[in-house]
Amino acid sequence: MAAPLGRDSLPVHWSYGVCSDGRVFFINDETQSTTWLHPRTGEPVNSGHMIRSDLPRGWEEGFTAEGASYFIK
């Protein structure tokens, strides 16, 4: 199961960002280091959103918890 993304789930001095492909990275603001793994669970996390080059500009693809895709503008 994916780790939750809320700030409450992150340790003190940690934040996160999301790449254009939907991958989530975590930032240790104190040491100025990054990781792909959630600092509490040690698991990678996906935002569930992905910008695809074959979609019109401004559109991205999202996925439900069941894996069904949908499109967001």
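Predicted model: local features only at pLDDT ≥ 70, side-chain atom pairs only at ≥ 80, totals over all residues.
**Exercise 1.** Determine what percentage of the residues of the protein chain count as buried.

*Solution.* Step 1: a residue is buried if its relative accessible area is under 20%. Step 2: the protein chain has 73 residues, and 23% of them count as buried.

**Exercise 2.** Describe the secondary structure of the protein chain and the sequence range of its contacts.

*Solution.* Step 1: the protein chain has six strands and zero helices. Step 2: along the sequence this gives the pattern β-β-β-β-β-β. Step 3: take the contacts between residues at least 6 apart in sequence; 21% of these join residues at least 24 apart.

**Exercise 3.** Find the aromatic pair in the structure, classify its geometry and place its members.

*Solution.* Step 1: a search of the whole structure finds one aromatic pair. Step 2: the ring centres of Phe25 and Trp36 are 6.4 Å apart, and the planes stand at 85 degrees. Step 3: planes over 60 degrees apart count as edge-to-face, so the pair of Phe25 and Trp36 is edge-to-face. Step 4: Phe25 belongs to strand β2 (residues 24–28), while Trp36 sits in the loop between β3 (33–35) and β4 (49–50). The pair therefore ties together parts that are 11 residues apart in sequence.

**Exercise 4.** Are Phe25 and Trp36 buried, partly exposed or exposed?

*Solution.* Step 2: Phe25 has 23% relative accessibility, so Phe25 counts as partly exposed. Step 3: Trp36 has 40% relative accessibility, so Trp36 counts as partly exposed.

Methods: Residues numbered from 1 in each chain as written. Heavy atoms only, no water. Helix = DSSP H or I, 4+ residues; strand = E, 2+ residues; numbered from the N terminus. Buried < 20%, exposed > 50% of the residue type's maximum accessible area, 1.4 Å probe, protein only. Contact = heavy atoms within 4.5 Å. Phe/Tyr/Trp six-rings, centres within 6.5 Å; stacked < 30°, edge-to-face > 60°.
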